[in-house]
Amino acid sequence: MRSKKINSKTESAKNNLILKKAPKQKHLKITALNIVRIYKGSFIMSRYRGPRLRITRRLGELPGLARKSSSKQNPPGQHGPSFRGGKASQYSIRLKEKQKLRFNYGVNEDQLVRYVKKARRMKGSTGELLLQLLEMRLDNIVFRGGFAPTLRAARQLVSHGHICVNGADLTVNIPSYQCKPGDKITVKNRKSSRQAASNDTNTNQLGGSHLKFDTKNFLGEVKQIVPRADVGCSVNELLIIEYYSRKV
């Protein structure tokens, strides 16, 4: 027992030392789903890396999070099999819709808040504009074009420099890059890039009227802004805007 206490003290001392070295950030929230890893004095914001089917069992089908479906129909958790589904509160209904958007597009809470603020400054329906901003992200366009089986794999393709926009030499490695009508998306003309994309082509192509992709030749084009009918995630955007109405 004594050795365990000594180990816990040394670990807490190390953690305190790392926290002192790390740069201070305002409004830093540490939750189970938005983990903050502190290593060598730098902050590494990591997204949810837990079981994905557990999330789909709770929130429903999310094509951007997982392409598999669970054989279990009950909600996750210890009391999932015996859960009878009582009356949900208005807050929980809105929270669930917001969580669908977060997990499907792989954004954290701070990013989603920024998208909501940006959509409010634009002219038009705030809910539809929010969905358009998320749908027109480069990683989502690559995913829906069929170059990657999931949104997480599409983000990796972009961040590793395998995707070019409007030119064979114009590599864009920013997953949140906002695509515009007329943008041409191509896989970099390199053996490793073509191989990385060819491993996932034709496995999952959601497509849409706003996209035109040729996975065999690794070419794609954004024809227009995504219409509401072609949004890949099934959510009620009005409830999401109501959720943020008192917080933003």
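Phe213 stands opposite Gly220 in strand 6. This pairing belongs to a predicted model of a protein with nine helices and six strands. Buried residues make up 40% of the 248 residues in the protein. Among the contacts between residues at least 6 apart in sequence, 55% join residues at least 24 apart.

- Four strands form an open sheet in the order 3-4-6-5, and their pairing is antiparallel.
- Strand 3 (163-165) and strand 5 stand at the edges with a single partner strand each, so one side of each is left without a neighbour in the sheet.
- From one strand to the next, the twist averages 20°.
- Helix 6 packs on this sheet and touches strand 3, strand 4, strand 5 and strand 6. The direction of helix 6 makes about 60° with that of strand 5.
- In general, the strands of a sheet pair through backbone hydrogen bonds, in either a parallel or an antiparallel manner.

**Strand 6 and its partners**

- Strand 5 (residues 211-214) and strand 6 pair in the antiparallel sense over four bridges.
- Strand 4 (residues 184-187) also runs antiparallel to strand 6, and three bridges join the two.
- Gly220 in strand 6 is the bridge partner of Ile185, and Phe213 stands opposite Gly220 as well.
- The side chains alternate along strand 6 (residues 219-222).

- The buried residues are Leu138, Asp139, Asn140, Ile141, Val142, Phe143, Arg144 and Gly145.
- Gly146 follows helix 6 and has a positive phi, near 100°.

**Asp139 in helix 6**

- Asp139 is found in helix 6 (residues 138-145).
- Asp139 counts as buried because its relative accessibility is 0%, and the cut-off for a buried residue is under 20%.
- The side chain of Asp139 makes a polar contact with the side chain of Arg137, at 3.0 Å.
- Leaving aside neighbours within four places in sequence, Asp139 is in contact with Leu151, Ala154, Arg155, Val158 and Pro175.

**Arg155 in helix 7**

- Arg155, one of the residues in contact with Asp139, is found in helix 7 (residues 151-159).
- At 14% relative accessibility, Arg155 counts as buried.
- The side chain of Arg155 reaches the backbone oxygen of Tyr105 at 3.2 Å.
- Arg155 and Val142 are 13 residues apart in sequence, and their C-alpha atoms are 8.3 Å apart in space.

**Helix 9 against helix 5**

- The axes of helix 5 (residues 126-135) and helix 9 (residues 237-244) come within 8 Å and cross at roughly 100°. Helix 5 and helix 9 are therefore roughly perpendicular to each other.
- Thr126, Gly127, Glu128, Leu130 and Leu131 in helix 5 meet Glu237, Ile240 and Ile241 in helix 9.
- The residues of this contact divide into four nonpolar, two polar and two charged.

**Helix 9 against helix 3**

- Helix 3 (residues 90-105) packs with helix 9 at an angle of about 110°, and their axes are 8 Å apart. Helix 3 and helix 9 are therefore roughly perpendicular to each other.
- On the helix 3 side, the contact involves Tyr91, Ile93, Arg94, Leu95, Glu97, Lys98 and Leu101. These residues meet Leu239, Ile240, Glu242, Tyr243 and Tyr244 in helix 9.
- The residues of the contact of helix 3 with helix 9 divide into eight nonpolar, no polar and four charged.
- Ile240 in helix 9 takes part in the contact with helix 5 and in the contact with helix 3.

Notes. Residues are numbered from 1 along each chain as its sequence is written. This is a predicted model: local features need pLDDT of at least 70, side-chain atom pairs count only at pLDDT 80 or more; totals for chains, interfaces and linings use all residues. Side-chain values use heavy atoms; hydrogens and water are left out. Buried means under 20% relative accessible area, exposed over 50%, partly exposed in between (1.4 Å probe, protein chains only). A polar contact is a pair of N or O atoms within 3.5 Å; within protein, one must be able to donate a hydrogen and the other to accept it, and residues adjacent in sequence count only if both atoms are side-chain atoms. Contact means heavy atoms within 4.5 Å. Axes are lines fitted to C-alpha atoms, for helices over the stretch in contact, and angles run from 0 to 180 degrees between N-to-C directions. Angles under 35 degrees count as roughly parallel, over 145 as roughly antiparallel, 65 to 115 as roughly perpendicular and the rest as oblique. Ala, Val, Leu, Ile, Met, Phe, Trp, Tyr, Cys and Pro count as nonpolar, Asp, Glu, Lys and Arg as charged, and the others, Gly among them, as polar. Two strands pair if DSSP finds at least two bridges between them.
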